[in-house]
Amino acid sequence: MADFLQFAFSGLTVGAIYALVALGFTIIYNASDVVNFAQGEFVMIGGMVTVFAYAAGMPLPVAALGSIVVAVIVGLALEWLAIEPARDAPPVTLIIITIGASIFLRGLAQIVFDKQFHSLPAFSGDEPLRIGGAALLPQSFWVLGTAIVIFIALYVFFTHTLTGKAVLATAANRFAARLVGINTTFVMALSFGVSAAIGAIAGVLITPITLTSYDVGTLLALKGFASAMLGGMGNPIGAVVGGLLVGLLEAFGAGYINSEYKDAIAFLVILGVLFVMPQGLFGRAHTERV
Amino acid sequence: MAFLKGKYGVLLVLAIVVLVLPVAFPSAYYFRIATLVWISALAVVGLNLLMGYAGQVSLGHAGFFGMGAYAVAVGPTHMGIPPLAAAVLGAVSAGLVAFLVGRPILKLRGHYLAVATLGMGILIAMFLNNEAQWTGGPDGMPVPRLVLFGMKVKGPVMWYWVTGVCLFIGAWVALNLVDSPLGRALRALHDSETAARVGGIDVARHKLIVFVISAVYAAVAGSLLALFDGLVTPNQAGFLHSIELVTMVVLGGMGSILGSLVGAAVLVTLPQALTVFHDYEHLMLGLMMMLFMIFLRRGIVPTLRDRLSGRVQ
C-alpha cells in the first residue's frame, strides 16, 4: 500500500508536468495548427534561467519570474521569426521548423549556460511528509498546486473572458474569426506567449525534483506531444488527462514492472490507445470531404 | 532539362554523378563522405516513396534503419550468421515489423500518424539501448567486416563503389515502382483517400505495401552504414536520426528521387563543414533547418526544376 501511494504520488507529480507541456502544445495547436516541438525548450529555459539567475544572487521568486519573461520573449520570437514566415507551409515542414528551433535553442543554451546538470533548492524544504508509509516531497505539492491553479486560470480565461473566447473562435475557424473582427495575428502571438509561460513555470517547478540541463527539453516535448495525442489533439481537458495518465503509467510501470523501460511504457500505451481509438481518448472523428 | 523528368534521365544523372565524382576527390576522406551520402540517400529514397508519393509521414524511420544496422552486428557476433545473410535477415525483419504495425498505424491521419510512428521508432531505439547483453547498450557494438566473393570489403574507396551501386539499384527500383500501378495508386490516395477508394483502390493495402518497402530501404541502408563504419550505436535508431531522414526528404523535394540524393548530400556534408564551428554546431544546424524550411519549402530539386524550365510558380 505504501508503495502504491508512493508511485501514485510521484506519477501525479511528473504527470502534472507532462500535462502542462501537453497544454502548451494544445494551446498553440488550436490557435495555429502548428505542433510545436520546441515546447520542451520552454521548460528547459524556465529551469536553466532560474538556476543561473539564482546563482548570480537574485532571490528565487525574482529569478523564476525572470525565466518566465525570457521564455515568453523566446516564444514570441519563435512565432514571429520562424512560424509566421512559413504560415501556409504543409504540416511536415512546420514540424521540421519547430524541431529545428528546438535544436537551435538547445545549442544556444549549451553556449550561454553549460552542459552540466543543475538543481534548485526546494521551495519549502526537503523534509518529506510521511503519509500512509509513503514519503512525499513538499515540492510535489507545489507542482500539483500550481498546476491546478494554472488549469483553473486557463479554464476561466477561455470560458469567461472576451480574449479567451477570441482564441477559441480562432481555433474553430480562423477565417470566420477574422470576418467577425478578431485579430488572429494577436491570437497567434498570445498563444505562443501563454504556452511559453506555462512551459517555463513547469520548468521552474520540476527542477528541484528532477534537475535540469540544456537537453531536458527533447524527451519532455515527446512525452508532452504523446500526452496531448493520447487525450485527443486540440482538447485541453484531454491534454490534462493524457499528461496525468502518462505520468501515472510511467510511475507504476517503473515501480511494478521494469524501470529500464519506464520511458517505453508511455509510448506502448499510446500506440495501443491509438490502435483502438484513432482520434485519442477525447478526440472527435473527422470526415474527409472530397 | 526535359530529360530530367524521365526515368532514364534520372538514372543517367545518378550514374554520371557516381562515376565522375571520384575524379575530383583529393583524398580518401572525400570517398568516406560520399559513401555516407549514398547510404543516407538510399534510406531517403525509400522514405520519399512513403512521404512524397503516398503522402504518409513517418517520424520513426530510423527505427527500421537501426534494425538493419544491428542485424549485421548481432547476427554474426551472437548467432554466427554471415554478414550478408544477416543484412537480408535485417531487411526481412524490418519489413515484417512494418507489416505488423503498419496496418493499425496507417489508419491514423496527420499528427496521429506522426505520433504513432514516432512512438514506434522510440520503442525500437529503447529496445536496442536496454538489451545490453545483445546490443552492447548505449555504447553500441562492433560490426565484423563484410566479405564479398571471398574478398574483404574495406576502405572508403571500395565502399564508395559498393554503396554507389546499391543506391543506383535502389533508385532504379523506386523509379519503376513510381511508374507502376502501385505508384499511380499511391499518388491517387495522396490527393484524396476517399476519392481513391471510390476509384476502386484498396487504400489500406497500398499504404501498407509502400510502408513495408520504405522500411526495407531503411534497413538495407542501416546494414550498409554499420558494415562501413564497423560500429553501431543506438543513436542510429534514435528520434533525431528519424528527423534527419524526414528533413532530407523535404529539403531535397517530396516525390523527387533526385531530390532524395540532394537532400542527403546537403544534410550529410553540412555537419562536416560545421565542425569548424565546434560549440556552435547545434546552433547552426537548427538555424539551417529553419531557414531551409522557410525559404526552400518545396525542396531544392523541384524549385530548381521550375526555375530552369522557366515556369513561374
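User: Which residues in H5(A) are buried?
Analyst: Gln139(A), Ser140(A), Val143(A), Ala147(A) and Ile150(A) are buried. Buried means 20 or more other C-beta atoms, placed from the backbone, within 10 Å of the residue's own. Helices (H or I, at least four residues) and strands (E, at least two) are DSSP runs, numbered from the N terminus. This is a predicted model: local features need pLDDT of at least 70, side-chain atom pairs count only at pLDDT 80 or more, and totals for chains, interfaces and linings use all residues. Residues are numbered from 1 along each chain as its sequence is written, while chains are lettered from A and ligands numbered from 1 in the order in which they are written.
User: What do the buried residues of H5(A) pack against?
Analyst: Helix H1 (2-32), strand E2 (134-136) and helix H8 (184-210), in chain A.
User: New topic. How many residues does each chain put into the contact?
Analyst: Chain B gives 38 residues and chain A gives 39. Two residues are in contact if their C-beta atoms, placed from the backbone, lie within 7 Å.
User: Which helix of chain B gives the most to that side?
Analyst: H5(B), with 13 residues.
User: Now Phe65(B). Where is it found?
Analyst: In helix H3 (residues 61-79) of chain B.
User: Why does Phe65(B) count as buried?
Analyst: Because it has 34 C-beta neighbours inside 10 Å.
User: What does Phe65(B) touch beyond four places in sequence?
Analyst: Its contacts include Ala43(B), Gln236(B) and His241(B). Phe65(B) and His241(B) are 176 residues apart along the chain, yet their C-alpha atoms are separated by 9.2 Å.

Methods. A residue is buried if 20 or more other C-beta atoms lie within 10 Å of its own, exposed if 12 or fewer, and partly exposed in between; C-beta atoms are placed from the backbone.
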